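Here are some notes to read alongside the structure. Take them in any order you like, with the model open beside you.

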2 protein chains.
Amino acid sequence: MSGILSGCPVPIENRGRVEMAHGGGGSKMQQLIEEILLPAFGNPEGAARHDSALLQVEKIQLAFTTDSYVVRPLFFQGGSIGSLAVNGTVNDLSMSGAYPVAISAGLILEEGLPLEHLQAVVSDMQTAARTAGVRIVTGDTKVVERGRCDGMYINTAGVGIVRDGVDIGPHRVQPGDAVILSGDIGRHGIAILAAREDMLDYCDTASDCAPLNSAVTILLNSGAEVHCLRDLTRGGMASVLVEIAQASGTFIHLREEAIPVSASVRAACELLGYDPLYIANEGRFVAFVPAADAETALKAIRTASVSGEAKIVGTVQKRETAGVSICSKYGTERHIYMLSGEQLPRIC
Amino acid sequence: MSGILSGCPVPIENRGRVEMAHGGGGSKMQQLIEEILLPAFGNPEGAARHDSALLQVEKIQLAFTTDSYVVRPLFFQGGSIGSLAVNGTVNDLSMSGAYPVAISAGLILEEGLPLEHLQAVVSDMQTAARTAGVRIVTGDTKVVERGRCDGMYINTAGVGIVRDGVDIGPHRVQPGDAVILSGDIGRHGIAILAAREDMLDYCDTASDCAPLNSAVTILLNSGAEVHCLRDLTRGGMASVLVEIAQASGTFIHLREEAIPVSASVRAACELLGYDPLYIANEGRFVAFVPAADAETALKAIRTASVSGEAKIVGTVQKRETAGVSICSKYGTERHIYMLSGEQLPRIC
């Protein structure tokens, strides 16, 4: 890890232990991936760093992705671990420009989990799969003793087909690109927090958990060139943009007043001292498109119900160092860094 | 579930809870799948019941499979959760007649897990992947609080390509087929038990955990027709054969003296009152081939190092009811049933 933006964490010691921050989507997790996982697995295409790996099988380019879900609690306003597990994998495939073909479901169940809860979760998975137009084709079930899990964990992997001629990724982000945000941010993280903490009893925020494949299809069919797509999950919009800036060697400049945040998310963040830029979303994405195509792309994205409120929130610039900054409505500019861990563990 | 062979479990009650037996590979797990999972996910091809789902993508038939691994302890004689996770998915793909192309790795880590252990596990994954000639192309890491996991759980999903003209599955099993077993049974389960229990301190059994893709390639290239392949994992050889008998509507007759069991596995089973037929394996499979091709198939299978001791252990017969029986060396015949749960939980 370059350390330019992340405050350069000290190397992981062999005798260290896994910390919650290693799963947070921030620089600690990047470090775990770079120092332990990538050296072991090797990864010629650098695929593991992005949403999906791309596999050339004869003339077909497949996208392949996996995510485990350990969200706590299992049910929350606007979704459950089931809808999250299906939408998350649909979205990872979509962000690589692929349309999803099939999903697998690996369930780890805790002894004592009420079967009603299991039934509700798999029903949510079914509904989410139908909504996204994808099939759950294969599965696996394991049971562990009481106290060795937290109700249930779900892994979904997904296979998709990358559309012909589509080449989407941070490598294509370049100065001059416009940054389009698909909707208001922070709802998923705050909905999870509200489901956990009594202090947010008044909070009516529902998760934004939703499949993004339709919006991406509309965008890719709009005629606009698309350089990069990314959903704003763990670590929130800030961490995702820092990662893209690092990977592309560019500078992303955001306008704070253009970034939509709902009143209830803003109120919860103010109460808790959180920055909405770092709160996870499960149905929001950013698209990087050439400035000339920005209006076409925006118009197209807005026709999808999940991204009706999309906005242009920033531009890509050429500066001496890669990075991200945000300009307030008073004209002040502050730099955005990747968090070391995460504000809210186990939001997905 | 037909109930013919399984003792017809009572229907799952809505107000029931998940039990360890629901993960055991026996009739309780079948029931969970049939009463809760299949109705929700739907499954036109019945794929979820077998090792891999098959997906037709243009002219290519893909195999897609998933498995979560929750083995306790993480390290045992002959392997670890890492080698198990890679070999298990390689084997599931192989059993559908596919050659493995890519594997995903979803890690759920418990806060406090020594990083040394994580490093050892991912190193085992790497070694197993290299041995099987497959790449781990994408991954995901989650961390849960201390006491919400048991060190680590791993999900691997796999994508493979089904060889042209290959059609392998229980639907092709027919009276007259020979049943070939690739080697001695029961080693994986006993190795896990030995790693857990002090009473087996003297036991030197190492797990049979190994990739089966080379053996399958050799078999499929031998010219022998192959009707069905299945690895003998959870629930052991007995449960797998009962499932195949039910799915194919045939009767499988085994000769006990032909089934190899090592002296140390036999001793451990006698001490503990276990039947080796129900002990899990992670590097053993059965092949169903027409009688006329049995010798060709056997000879081919034996050239692979993992199945050098393969034997013909039974035949498929036509009887009034589907089922499995085993004939002792004294000529007595006993029926084999699926267990309700499993003798040893969390062996994979």
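1. Let us begin with a residue pair: Leu229(A) has Ala287(A) as its bridge partner in strand 11 of chain A. This pair belongs to the contact between strand 9 and strand 11 of chain A, which run antiparallel and share four bridges. Please keep in mind that this is a predicted model.

2. Strand 11 of chain A also pairs with strand 8 of chain A, again in the antiparallel sense, and here over five bridges. A pair to look for is Leu181(A), whose bridge partner in strand 11 of chain A is Val286(A). As a reminder, strands of a sheet pair through backbone hydrogen bonds, either parallel or antiparallel.

3. Is strand 11 of chain A, residues 285-290, buried or exposed? Six of its six residues are buried, so the strand is largely enclosed by the rest of the structure. In a regular strand the side chains alternate between the two faces of the sheet. Here Phe285(A), Ala287(A) and Val289(A) point one way, while Val286(A), Phe288(A) and Pro290(A) point the other way, and all are buried.

4. Now step back to the whole sheet. Seven strands of chain A make up an open sheet with mixed pairing, and their order is 9-11-8-12-10-13-14. Strand 9 (228-231) and strand 14 (333-336) of chain A are the edge strands; each has a single partner strand, so one side of each has no neighbour in the sheet. From one strand to the next, the twist averages 25 degrees.

5. Have a look at Asn281(A) too, which sits in the loop between helix 7 (263-272) and strand 11 of chain A. Its relative accessibility is 0%, so Asn281(A) counts as buried. Leaving aside residues up to four places away in sequence, Asn281(A) touches a set of residues that includes Asp184(A), Arg187(A), His188(A), Asp208(A), Thr233(A) and Met237(A). Thr138(A) is another matter: it is 143 residues from Asn281(A) along the chain, and the C-alpha atoms of the two are separated by 27 Å.

6. Next, the two chains together.

7. How many residues does the contact take from each chain? There are 83 residues from chain A and 83 residues from chain B. The size of an interface is often given as the accessible area lost when the parts come together. Between chain A and chain B about 7200 Å² is buried, and carbon and sulfur atoms give 64% of this area. In chain A, the residues that lose the most area to chain B are Val18(A), Phe41(A) and Leu115(A), together 10% of what that side buries.

8. Charged groups also meet across this interface, where the rule finds ten salt bridges. Glu145(B) and Arg346(A) form a salt bridge, with their closest N and O atoms 2.5 Å apart.

9. Some backbone details deserve a second look, since most residues other than glycine have a negative phi, and most peptide bonds are trans. Arg346(B), in the segment after strand 14 (333-336) of chain B, has a positive phi of about 55 degrees although it is not a glycine. Arg346(B) is buried, with a relative accessible area of 4%. Glu58(B) has a positive phi as well, near 50 degrees, and is found in the loop between strand 1 (53-57) and strand 2 of chain B. With a relative accessible area of 60%, Glu58(B) is exposed.

10. Finally, check the peptide bond from Arg72(A) to Pro73(A), which is cis, with omega near 0 degrees. Pro73(A) lies in the loop between strand 2 (60-69) and strand 3 (75-76) of chain A. In chain B, the bond from Arg72(B) to Pro73(B) is cis too, with omega near 0 degrees.

How values were computed: Residues are numbered from 1 along each chain as its sequence is written. Chains are lettered from A and ligands numbered from 1 in the order in which they are written. This is a predicted model: local features need pLDDT of at least 70, side-chain atom pairs count only at pLDDT 80 or more; totals for chains, interfaces and linings use all residues. Side-chain values use heavy atoms; hydrogens and water are left out. Two strands pair if DSSP finds at least two bridges between them. Helices (H or I, at least four residues) and strands (E, at least two) are DSSP runs, numbered from the N terminus. Axes are lines fitted to C-alpha atoms, for helices over the stretch in contact, and angles run from 0 to 180 degrees between N-to-C directions. Buried means under 20% relative accessible area, exposed over 50%, partly exposed in between (1.4 Å probe, protein chains only). Contact means heavy atoms within 4.5 Å. Buried area is the accessible area (1.4 Å probe) that two parts lose on being put together, summed over both. A salt bridge is a side-chain nitrogen of Lys or Arg within 4 Å of a carboxyl oxygen of Asp or Glu.
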